[in-house]
Amino acid sequence: MTTVFSNSVVDDDTRRGLLYEGKVFTYSATPASKELVGLAHQLISEAFGGRDPETAQFDMPVEEFAALLAGLKPRFIHHPRCKELLPAVLADLGCPLDRTYFDVPRLRTSTSNDYLTSGISYAFHPHRDCWYSAPFNQLNWWIPIYPVVPENVMAFHPKYFDRPVRNGSARYDYAEWNRTSRLSAAQHVRSDTREQPRPEEPVELDPQVRVVPEPGGVMLFSGAQLHSTVPNTSGRTRFSIDFRTVNIDDVRARRGAANVDAACTGTTLRDFVRCTDLDPMPEELALEYEAEALARVS
């Protein structure tokens, strides 16, 4: 069972513990999340010109749409306001900024009717972020930019939170992914041949949980949750923002969700910076996590 907390007032330490147990938290839009969504609106509107971004897919060749996203998404990721707004979002929701580290925010798209489901607009099969070298104390933050409906969000598959799924994570190393595959996303328009961890046994998608936040609303869940992109049948392209956080005290203490089936190597910890001053995650922690990942599979 997955329990969803709405606008909970529990403190961040308690919340992290509940998230590591498989709970999900949702919050109404905050001043900072509204501003972050406003920035995304601005950049999306500039990129699409006079087109409606949610329906432009029906008037554009898929290659042109993919090329537009290939320019738009990095502009959002690297916009200097993002590094100011993400800590503000976290402060609005009670995170201790001196202990919380975040990675870059991604602008995600899910097009309708199987228009573009690979590469720059990848439709994720059931997966855990922990299969992709994420630490087990990683928390995922998800914010819709435009109104979403059950037919274009994501789904959680709660029966698998503590149940192993045979998967291909043993063939995944984060450093190798960055070296060979990350930058080629925009080249995969009709299909995606990049090696990515996926289930290697049938996964029962039901029961599933779909959460539908308001634009600027925030959903928070563990990187160990098995989740997937819902096949978009809404007739509109979904635009959303996601990013990830870790609390350095949990990183040091190895406090997090249980590892039930991840066998990848490497670590994403070097992607995280501290909210207060953008200092990187201490290198010794990344080295320790890399060594532990290798020990798990050797």
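Student: What makes strand β9 count as mostly covered?

Tutor: Good place to begin, and keep in mind that this is a predicted model. Buried means under 20% relative accessible area, and 10 of the 10 residues in β9 (residues 238-247) are buried. That is why the strand is called mostly covered.

Student: Which residues point each way from β9?

Tutor: Arg238, Ser240, Asp242, Arg244 and Val246 point one way, while Phe239, Ile241, Phe243, Thr245 and Asn247 point the other way. Residues of both sets are buried.

Student: How do you know that β4 and β9 pair?

Tutor: Pairing needs at least two bridges. Strand β4 (residues 106-110) has five bridges with β9, in the antiparallel sense, so the two strands pair. Thr109, for instance, has Phe239 of β9 as its bridge partner.

Student: And what makes β3 and β5 partners of β9?

Tutor: The same cut-off of at least two bridges applies. Strand β3 (residues 100-102) pairs with β9 over three bridges, and Tyr101 stands opposite Val246. Strand β5 (residues 139-144) pairs with β9 over six bridges, with Pro144 partnered by Ser240. Both pairings are antiparallel.

Student: Which values describe the packing of α2 and α3?

Tutor: Helix α2 (residues 31-48) and helix α3 (residues 62-77) pack at an angle of about 145°, with axes 10 Å apart. Their crossing is right-handed. The contact includes Leu36, Leu39 and Phe48 of α2, and Phe65, Leu68 and Arg75 of α3.

Student: Why does the contact have one charged residue?

Tutor: Arg counts as charged, and Arg75 of α3 is in the contact, so Arg75 is the charged residue there. By class, the contact has 11 nonpolar, no polar and one charged residues.

Notes:
Residues are numbered from 1 along each chain as its sequence is written. This is a predicted model: local features need pLDDT of at least 70, side-chain atom pairs count only at pLDDT 80 or more; totals for chains, interfaces and linings use all residues. Side-chain values use heavy atoms; hydrogens and water are left out. Buried means under 20% relative accessible area, exposed over 50%, partly exposed in between (1.4 Å probe, protein chains only). Helices (H or I, at least four residues) and strands (E, at least two) are DSSP runs, numbered from the N terminus. Axes are lines fitted to C-alpha atoms, for helices over the stretch in contact, and angles run from 0 to 180 degrees between N-to-C directions. A crossing is left-handed if the near helix is turned anticlockwise from the far one by less than a right angle, and right-handed if clockwise. Contact means heavy atoms within 4.5 Å.
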